[in-house]
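Please open the structure in your viewer and keep the sequence at hand.

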Amino acid sequence: MFKSSQGDILMNWYIKVIKNYVNFKGRARREEFWLFVLLNCVFLFLASSLDSILDATTQINHIPLFAPIIQLGNPPEIAHGWIYILYSYFIIIPNWTVMVRRLHDTEHSGVWVLVVILPSLLVPFAKLEIVNVLLIIMFFLSIFLFIMLCKEGTTGENKYGPDPKTTAV
């Protein structure tokens, strides 16, 4: 089985995030966060592949949630299956919580996750001219967030909790 730099099985990091799916407190190491992201990408690929094998894909423009986006012009040519969509909905909160804990490790507030997410919530309701501005804002905020997520965590205890490198997985 694949192991991390500490000798832990990679799946343990993923399971740790899932078990803490509503825990916005504390800190998450870079290893915990990025291994979760890696495994999440693998599972999304597997879900998409399974959807293709089962011929369970649907055009995104047939999903009522995306109706406001479709009214902006050409509907997106994205086909995802129900397995992919359900997994995506299942994993969104654990993804946000581990991201907040990762930001805490670098002594940043978890509010930065909301700063990046909020403009995306406005896109379906905005006029086409404003959508382009929102997309540009989201692009630069995402780069900023990515840099914060890549930074090394604070050594020792900080205001968000003890150093996760000194505690066991």
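Which residues are buried in H2? Before selecting them, note that the model is a predicted one. Now select helix H2, residues 30-53. The buried residues of H2 are Glu31, Glu32, Phe33, Leu35, Phe36, Leu39, Asn40, Leu44, Ala47 and Asp51.

Now display the whole protein chain. The chain contains six helices and two strands. Followed from the N terminus, its elements come in the order α-α-β-α-β-α-α-α. Of the 169 residues in the protein chain, 35% are buried. Among contacts with a separation of 6 or more, 69% are between residues 24 or more positions apart.

Select helix H1, residues 10-19. Here Leu10, Trp13, Tyr14 and Val17 are buried. These four lie on the same side of H1, because they cover an arc of only 95° around the axis.

The next stop is a pair of helices. In general, two packed helices are described by the angle between their axes and the distance between the axes. Select helix H4, residues 82-105, together with helix H6, residues 128-150. Their packing angle is about 65°, and their axes are 8 Å apart. The crossing of H4 past H6 is left-handed. To see the contact itself, show Met99, Arg102 and Leu103 on H4, and Leu145, Met148 and Leu149 on H6. Sorted by class, this contact has five nonpolar residues, no polar residues and one charged residue.

Finally, centre the view on arginine 102, which lies in helix H4. Is arginine 102 buried or exposed? It is buried, because its relative accessible area is 0%, and the cut-off for a buried residue is under 20%. Beyond its neighbours within four places in sequence, arginine 102 is in contact with Ala28, Arg29, Arg30, Phe33, Leu149, Lys151, Glu152 and Gly153. Select alanine 28 as well: it is 74 residues from arginine 102 along the chain, yet their C-alpha atoms are separated by 4.6 Å.

Note on methods:
Residues numbered from 1 in each chain as written. Predicted model: local features only at pLDDT ≥ 70, side-chain atom pairs only at ≥ 80, totals over all residues. Heavy atoms only, no water. Axes fitted to C-alpha atoms, helices over the stretch in contact; angles between N-to-C directions. Left-handed = near helix turned anticlockwise from the far one by under 90°. Contact = heavy atoms within 4.5 Å. Nonpolar A, V, L, I, M, F, W, Y, C, P; charged D, E, K, R; others polar. Expected span 1.5 Å × (residues − 1). Buried < 20%, exposed > 50% of the residue type's maximum accessible area, 1.4 Å probe, protein only. Arc of directions from axis to C-beta.
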